[in-house]
Amino acid sequence: MNEEMTWILQARQGNDEAFTRLLEQYQTPVYNLCYRMLGEPEQAEDAAQESFLRAYQNMTRYDPQRPFATWLLSISAHHCIDRLRRRRFTLFSLDAEREDDDRPIELPDVHALDPEREAVRRDEQREVQSALHGLEATDRAAIILRYWYDFSEVEIAESLHLTVSAVKSRLHRARKAVARLLLANSPETIVERMPYGSPAL
Amino acid sequence: MVHQPFEEWLAGDELLTPQQERDLQTHLRSCPSCFALSRANLSLRAAPALKPAPGFATRFQTRLAAERALQRKRAAFGSVLLLGAGVFIVLALLLPILPYLRLEPLQLFWLWLGNLMYFALALRTVSALGAALLNVLGQAVPLYAWWLGLASFSLAAYVWKFSLRHTHKQYARSVA
């Protein structure tokens, strides 16, 4: 039995320290998922905390046959989708009122080897986040699980309670939308296909 | 322009052979749509995982403690409410009986017998009235209206049951 499974089993029996270990291990993946879904640090923090709270309260329902990360991220994704849907039904959208939102502006790191390149990288990250923001909630979750967490189509289908063909079609549609949005923001840049890697897990 | 198999290669995880890689690069130079898709792929892959602000675990512990305190408060409030309701029901049941406790057993027996007779008479009157009303309504309201009313009632009950089940399922799925 590996260390993580020991923590999980202890946490299922109500051991807070074991759950804290799990939290420390998964705080970045969960926070990142929430941030990519919601686009605002405060909301991401709140959603990540709520995801862990739900996981804590439902530890006994976790099936140890499934990977813990899949279960946890699934809770988080569902919570964020619910939040986005609720936000859509809000009568007065604060998002609509502020064109330049109050997200912290990431200034180029002056100590970086190439500040100009660093600034371009940050711009590109902002564009990616903005492109994600243009996607429908479930499409956004599918794209995030695919690109940041390397989930297979089957895993995404299980996590979001969709069929595999629905996931394929959602990913296809979302990729095209992201491509279109990124192209609209900055049409230049030559790219080369890179070997894939998962930055989040 | 034909986008397959290039779109599939861009979407997939498989490593391409050198020949496929060359074919893809040639296609990307002439196809803006696949080029944009390739760029999107690359940008998404290159995006880093963002970390929460330091002290996330401590903030969670604080939140968990607050949640527990809230649950304790809710449980205490629920208990008080339940106790209050219980006391109210017991008092409501006892109060009408209290004056009779001073009566002699025989007086009490005749009083209760009188009440019982009165209740039986009232029941008989109500049932006679109900039968008369049904008789009148049966003739006044057409058969299809009865069917329609019953069907609407069944539909409303079904919708209610379905919405309850749906809400429960949605929550269960979100933590499954």
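**Exercise 1. The two sides of α9(A)**

The model is a predicted one. Task: find which residues of α9(A) are buried, and state what they pack against.

Solution. 

Step 1. α9(A) has 22 residues, and from first C-alpha to last it reaches 31 Å, close to the 32 Å expected at 1.5 Å a residue.

Step 2. List the buried positions. In α9(A) these are Val167(A), Arg170(A), Ala174(A), Arg175(A), Val178(A), Ala179(A) and Leu182(A). They lie on the same side of α9(A) because the arc they cover around the axis is only 165 degrees.

Step 3. Recall the helix geometry. An α-helix has 3.6 residues a turn, so residues three or four places apart point the same way.

Step 4. Name the partners. Within chain A, the buried residues of α9(A) pack against α6 (115–133), α7 and α8. From chain B, α1 (6–11) and α3 are also packed against by these residues.

**Exercise 2. The nonpolar core**

Task: state how many residues the largest nonpolar core has, and trace the contacts of Cys34(A).

Solution. 

Step 1. Give the size. The largest nonpolar core has 58 residues, and those with the most contacts inside it are Val30(A), Cys34(A) and Leu145(A).

Step 2. Find the main contributor. Helix α2 (residues 16–38) of chain A gives the largest share of this core, 11 residues.

Step 3. Follow Cys34(A). Leaving aside neighbours within four places in sequence, Cys34(A) is in contact with Ala44(A), Ala47(A), Ala48(A), Ser51(A), Ser76(A) and Cys80(A).

**Exercise 3. The chains side by side**

Task: describe the make-up and burial of chain A and of chain B, then examine α5(B) and α6(B).

Solution. 

Step 1. Chain A has 9 helices and 0 strands. Of its 201 residues, 32% are buried. Among contacts in chain A between residues at least 6 apart in sequence, 65% join residues at least 24 apart.

Step 2. Chain B has 6 helices and 0 strands. Of its 176 residues, 10% count as buried.

Step 3. Check α5(B), residues 105–140. Its 36 residues should span 52 Å at 1.5 Å a residue, and its end C-alpha atoms are 52 Å apart, so the two agree. α5(B) is hardly covered, with 0 buried residues.

Step 4. Check α6(B). Its 32 residues should span 46 Å at 1.5 Å a residue, which agrees with the 46 Å between its end C-alpha atoms. α6(B) is likewise hardly covered, with 0 buried residues.

**Exercise 4. The interface, seen from chain B**

Task: say how many residues of chain B are in contact with chain A, and where they come from.

Solution. 

Step 1. Count. 30 residues of chain B are in contact with 41 residues of chain A.

Step 2. Assign. The elements of chain B giving two or more residues to this side are α2 (18–30), α3 (32–46), α4 (56–94) and α6 (143–174). The largest share, 9 residues, comes from α3(B).

Step 3. Classify. The side of chain B that touches chain A has 18 nonpolar, 3 polar and 9 charged residues.

**Exercise 5. Confidence in chain A**

Task: identify where confidence in chain A is lowest and where it is highest.

Solution. 

Step 1. Take the overall values. The mean pLDDT of chain A is 82, and 79% of its residues reach 70 or more.

Step 2. Confidence is lowest in helix α5 (residues 94–97) of chain A, at a mean of 48, and highest in helix α3 (residues 41–57) of chain A, at 95.

Definitions and conventions. Residues numbered from 1 in each chain as written. Chains lettered and ligands numbered in written order. Predicted model: local features only at pLDDT ≥ 70, side-chain atom pairs only at ≥ 80, totals over all residues. Contact = placed C-beta atoms within 7 Å. Helix = DSSP H or I, 4+ residues; strand = E, 2+ residues; numbered from the N terminus. Nonpolar A, V, L, I, M, F, W, Y, C, P; charged D, E, K, R; others polar. Buried ≥ 20, exposed ≤ 12 C-beta atoms within 10 Å, placed from the backbone. Expected span 1.5 Å × (residues − 1). Arc of directions from axis to C-beta. pLDDT = per-residue confidence, 0-100. Core = buried A, V, L, I, M, F, W, Y, C linked by C-beta atoms within 7 Å.
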